[in-house]
Amino acid sequence: MKKVKAVINGLLVETEQGTTILDAAKLVQVKIPTLCKHPDLISSASCGICIVEVEGTGKYLRACCTPLEDGMKINTHTPEIVAIRRTVLELILSNHPNDCLQCGRNNNCELQRLAADFGIRDEDFPKYLRDIPKDDSTGTIVLDPQKCILCGRCVDVCRNVQNVWALSFLERGFSTRISPAGEIDLADSPCVRCGQCSAHCPTGAIVEYDHTSEVWDALKDPDKFCVVQIAPAVRAAIGEAFGYEPGVNLTGKLYQALKRLGFDAVFDTSFGADVTIMEEASEFVKRFTGEGGPLPLITTCCPSWVDFMEKFESDMIPCFSSCKSPHEILGVLSKTYYAEKNKIDPAKIYMASIMPCTSKKYEIKRSDEMSASGYQDIDSVLTTREIARMIYQAGIKFNELPERGADSLLGEYSGAGVIFGSTGGVMEAALRTAYYMITGSNLEKIDFKDIRGLPGVKESEIKIQGKKIRVAVAHGLANVEHVISKSRKAMAAGEEPPYHFIEVMACLGGCVGGGGQPYGVTDELRKKRAAALYSDDLSKKIRFSHDNPDVKKVYKDFLGEPLGEKSEKLMHTRYKARPLYKK
Amino acid sequence: MKFEDLKKIREKASSEKGAWVKVGMSTCGIAAGAEKVYDRIVSLAADRGTDIKVKKTGCLGMCYAEPLVEVHKPGLPDVLYGWVNEETSGRILSDHVERDWFLNGHAVSLNIKRPHEKTVSVEGIKKVFLIRDTSSDNSSKLRDFHHHLVSSLKEKGFDGRIQIVRARDLGVYNKGIVVKILPDNIVMAGASSDDIEKAINSYLEKGRLPEEMILKNHPSQTRIVLRNSGRIDPGSIEDYIVQGGFTGLEKALSGKPREIIDEMKKSALRGRGGGGYPAWLKWTAAAKEESSEKYIICNGDEGDPGAYMDRSVMEGDPYSLVEGMTIAARAIGASHGFFYIRAEYPIAIDRVKNAIKRADEEGFLGKNIMGSGFDFDLEVRLGAGAFVCGEETALIASMHGKRGMPVPKPPYPSHSGLWGKPTVINNVESLANVPFIMQHGGDAFSSMGTDRSKGTKVFSLTGKVANSGLVEIEMGLTLRQVVFDIGGGMGFGAKIKAVQTGGPSGGVIPENFLDTSISFDSLKSLGSIMGSGGMIVMDESDCMVDIAKFYLQFCVDESCGKCAPCRIGGYQMLQILNRITSGNSEPGDKRKLQAISLAMGKASLCGLGQTAPNSVISMMHYFADEYKEHTEEGFCRAGKCKSLVSYRIVQDKCKRCGLCVKHCPVNAISGDREKGYFIDFKKCVKCGKCFDVCKFGAILKK
């Protein structure tokens, strides 16, 4: 790589060609302020905060997207630059409401932080707000165009990372706003509720739909038996909301916090994941051995992926696993099996899911099958961000909590169940069990390193009884097209499928990078969160779903066998094509 | 077709005899009624059996004189008639064509240099003396002069061979009586009528004019870009070839691509779209790129208010653009090109499409152009009406089918442009210069103009100037020369106050800087820009604060909304100016305007936002007095800002004529001859009509 030498604020910088001025400045301990820039995304260069001056030319450049050139002399903080930045910031604030105290991003807002850094104390410019109503039609995310600074991150992530194209810039000039094209509500648009827009929004313009008050109400209700489950990815990210370094596994503290919030029983979605694997691996084995359904089998744990497929790839529905997602399975088991065992009226059970995901809020009402227990199996979904707020509100000193375990029957999980939270995890867990189901013995080398990590599409092969199983793992919906179209083509031509088994997660990194996780996600963060799950797996004595004694128990005592009549009724679902745009 | 055939076409054309008339049929001409004139001439010629060809042509730039008809008849000098209507059309046929008798009062003649054009021999054809009184107050006694001249010709026996014709416009202004002798194209001016008469006598007797009588070094237009516009039929590829078309292409295809760029480098042509970036540098950057595919785009998304140079070129001389683009494509190694034309230019679109089709049919486009082995084809893409799509990266986004929003540079389009391939985007006017440069050499081009601004520039001269239209001038002429010597000065005795150049990105230049010679750098140093070539002349009735607000409003309306400084800054500035012009200024306004201007100028992403405050900055700089009157004294001297003006009748001066009462549209003036007249402030709508009509200066505007 060619090197460039330049001077930033009088300090010599030598770096690789192509490095932006913003990144080069960090090498000499200079922090150039930014607002619209997100490390995950290409610079839209829209805010104008990161401008720097090329000495002697009168030229101003955007540090976030301009590569440092050899011999450049850059000034980043002259009085004029600082004054300009301040004016630009004041202009942005003049177009932004002052309701920080009531905002979902209070204390966690990039605009607010910048205003604090700049010590903005007066409103020099009169406030002109765009009078546009909020859009909370999806029930999963809320779009408040008034708070939008038009950085374009959401549009970029929705189009280029997720390939959904639900969001666009509408109108122009001062009236420009973010909305689905054609003046429609988000719920009527192709939006798949992944919430990546909310995870990338610098302000409170897109936030998760807040369900905390619903949960507070349930907790206050003496008639309700409140149960809760935590998704694998939540344990690896919740710490970020309490000042921990990213990637610390806080399962025990989280169980404790939930208990202290008033939940009567604390379960773990990873247990549901183990049951999912029993069903899904059975389904795979059945299809692979030619006893039912086409190949490839495609995983369906991710509701945004399900929504995406129903809208964009509905011809692939026959390939979809009919198995419900782990938290839905845990939901239905809690209102049937758990209720039965503990003699609790299922009507009184209130089940809340703590998820890294906004889409799960949609999933719980997706179809009638989500009420297989006779009641809505999950009553409420809270994102990692929401549960963190509840813990703060309850005055629980999270960092100092003693750890505790999950409650019995639906709390014990295997290492395979917990890696569901990372891209490749479902596949890895399924392969471990599928191998057992076919051969009757456990694999010796069970770490599938090929399908871990952050490449957008990962492919691998394993041999089971001399037969090759080809698998693919995709995450970030824009990466799905590759594997799906390859499979579709082969199916149309009647050829051998390129893959037998495909795992898809809508969000980059899988659930660890979910749309409901703490803000500021980058690849580095995704890796750290995933690592926490893989080390949880390593530390477990039981690393196979089929070896989980509680799983064995639930089949023995209640379900019968995987894909059996009861299992099908309670834990499987169907899919249907849905229009991209509702009229 | 082959290049050898071009010569044959030219020879054939020069041997053609017979009379023709050409009607200017560009948007401007059609708007003024050229279609009726054209139809009238065609039908009359058919009825009368007149042997004459009726042709269509583009815009000659004299939009003020449309419809324009040029008449050619063997044995007579060619003449151009302006302000032609259906009645005049008839006389053009019956008098001029059939009886060799020139029409009085309609002839117009431009003062134009056409570099590198051969003058056609004019021996043995009828002489015509076009005469005109060009003094602004019509003080010269043209009637007497005309009379004398006619009788003197009669006396000397020239009657019949020479005709004296009163012209409507001779392209020379404020020089008393002016005589233009056709077909010699000699202009006499600046002397008394007696002197001129003597000189003409000497011309008639000795065939020569006294040197001192001939008007020399008078500022004139120089036509390169508009060389064919208004002369050729824009639909006819043969017409273009006859005027030397495709000679540049022939040279370009016979040499190496590198040589084209060398020639462009010699020409030092700077981009005419506004930025003034050297064309050869852009081309070199794209030529150096290794890529299977490269593109050239002609940017015809002209959008400045009051600017229509590009439209005229596309309508009047589309083949020169086809040729220019093919040459550019050859230079950079592109095999595909696009015209990006705003959809509001339907005639330009039609003519460009036709030109592409014809050029393709004749082998100037497509595979193996003229047997050279070079492939190139062209397509038209329409812009959907956003000003910002004139910006390169927004234009590309628009062509990709996306919302027209600029993206940061680098990467520059020459590296990664259309579909991510190396792309050169040149403005219409830049490309129209290319065939000339290739035909006559880069040196021929760079011999014109100033040190750092070579060649010519087309301006669309509008506003309070007498002759609004397109003018193409050599760089280096002064603004004053353009307005007064070429534009005919101010209309209706108005007093010039300022000239606005560069459209919404430009600024106002006050009267005392009008002697600045025009170049990219000089206009920039005055706080304005060359821009794409809008030039709007303003007089005392224009309020400079209001003008600044107008341009800012334009930018605010056209902002794509992407970047915060432009989107919010422009809007905030506009609100401040709205307050100021309605009499509600606040103490911090000036500081805020300056702070936002600086932030917009430095922190906006694209040229639109960066230059949007220019109109306000230059207003506050050059017209600080007017700004102060608005903000501190609550007064608008031009009377444009209605809230800041009130009218009062000064009783001492009022002669009780009652004219103001008659003209007041809202009956706000009451009273009678005895008591005097008074304005009811509650009814007054401040239209200023009373002020305008009062002959005694009895209406006070304050």
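Trainee: In S20(B), which residue is the bridge partner of Ile496(B)?

Mentor: Asp539(B) is the bridge partner of Ile496(B). Before going on, know what you are looking at. This is a predicted model: local features need pLDDT of at least 70, side-chain atom pairs count only at pLDDT 80 or more, and totals for chains, interfaces and linings use all residues. Residues are numbered from 1 along each chain as its sequence is written, while chains are lettered from A and ligands numbered from 1 in the order in which they are written.

Trainee: How do you know that strand S18 and strand S20 of chain B are joined?

Mentor: Start with the terms. Strands (E, at least two residues) and helices (H or I, at least four) are DSSP runs, numbered from the N terminus. Two strands pair if DSSP finds at least two bridges between them. S18 (496–501) and S20 (534–539) of chain B have 5 bridges, so they pair, and they run antiparallel.

Trainee: What sheet of chain B has S17 and S19 in its order?

Mentor: An open sheet of 5 strands, in the order S17-S16-S20-S18-S19, with mixed pairing. S17 (469–474) and S19 (507–510) of chain B are called edge strands because each pairs on one side only. Neighbouring strands here are turned by 30 degrees against each other on average, direction ignored. Axes are lines fitted to C-alpha atoms, for helices over the stretch in contact, and angles run from 0 to 180 degrees between N-to-C directions.

Trainee: Why is Cys389(B) called buried?

Mentor: A residue is buried if 20 or more other C-beta atoms lie within 10 Å of its own, exposed if 12 or fewer, and partly exposed in between, with C-beta atoms placed from the backbone. Cys389(B) has 27 C-beta neighbours inside 10 Å, so it counts as buried. This residue sits in the loop between strand S14 (377–383) and helix H14 (392–399) of chain B.

Trainee: Leaving aside neighbours within four places in sequence, what is Cys389(B) in contact with?

Mentor: Contact means C-beta atoms, placed from the backbone, within 7 Å. On that test Cys389(B) has contacts including Asp301(B), Leu395(B) and Gly404(B). Gly300(B) is 89 residues away along the chain, with its C-alpha atom 10.0 Å from that of Cys389(B).

Trainee: What makes S12(B) covered on both faces?

Mentor: Tyr295(B), Ile297(B) and Asn299(B) are buried on one side, and Ile296(B), Cys298(B) and Gly300(B) on the other. In a regular strand the side chains alternate between the two faces of the sheet. The strand has partners too: 6 bridges join S12 (295–300) to S13 (336–342) of chain B in parallel. With S15 (423–427) of chain B it pairs over 5 bridges, again in the parallel sense. Ile296(B) stands opposite Gly337(B) in S13(B). Tyr295(B) has Thr423(B) as its bridge partner in S15(B).

Trainee: How do you know that the span of helix H15 of chain A agrees?

Mentor: The expected span is 1.5 Å times one less than the number of residues. H15 (425–439) of chain A has 15 residues, so it should span 21 Å; its end C-alpha atoms are 21 Å apart, and the two agree. Just after this helix, Gly440(A) takes a positive phi of about 80 degrees.

Trainee: Why is H15(A) called mostly covered?

Mentor: 11 of its 15 residues are buried. Among the elements covering them are H9, strand S16 (467–475) and helix H17 (523–539) of chain A.

Trainee: Which strands form the open sheet of 4 strands in chain A?

Mentor: S11-S10-S13-S14, in that order, with parallel pairing. Its edge strands are S11 (265–268) and S14 (380–383) of chain A. Neighbouring strands are turned by 25 degrees on average, direction ignored. Helix H9 (269–288) of chain A lies across S10 and S11, at about 45 degrees to S11(A).

Trainee: How many residues of chain A are in contact with chain B?

Mentor: 27, against 26 residues of chain B. H2(A) gives the largest share of chain A's side, 6 residues. That side divides into 16 nonpolar (Ala, Val, Leu, Ile, Met, Phe, Trp, Tyr, Cys, Pro), 3 charged (Asp, Glu, Lys, Arg) and 8 polar (the others, Gly among them).

Trainee: What pLDDT does chain B average?

Mentor: 92, and 99% of its residues score at least 70. pLDDT is the predictor's confidence in each residue, from 0 to 100. For the complex, the predictor gives an ipTM of 0.92 and a pTM of 0.92.

Key:
Contact = placed C-beta atoms within 7 Å.
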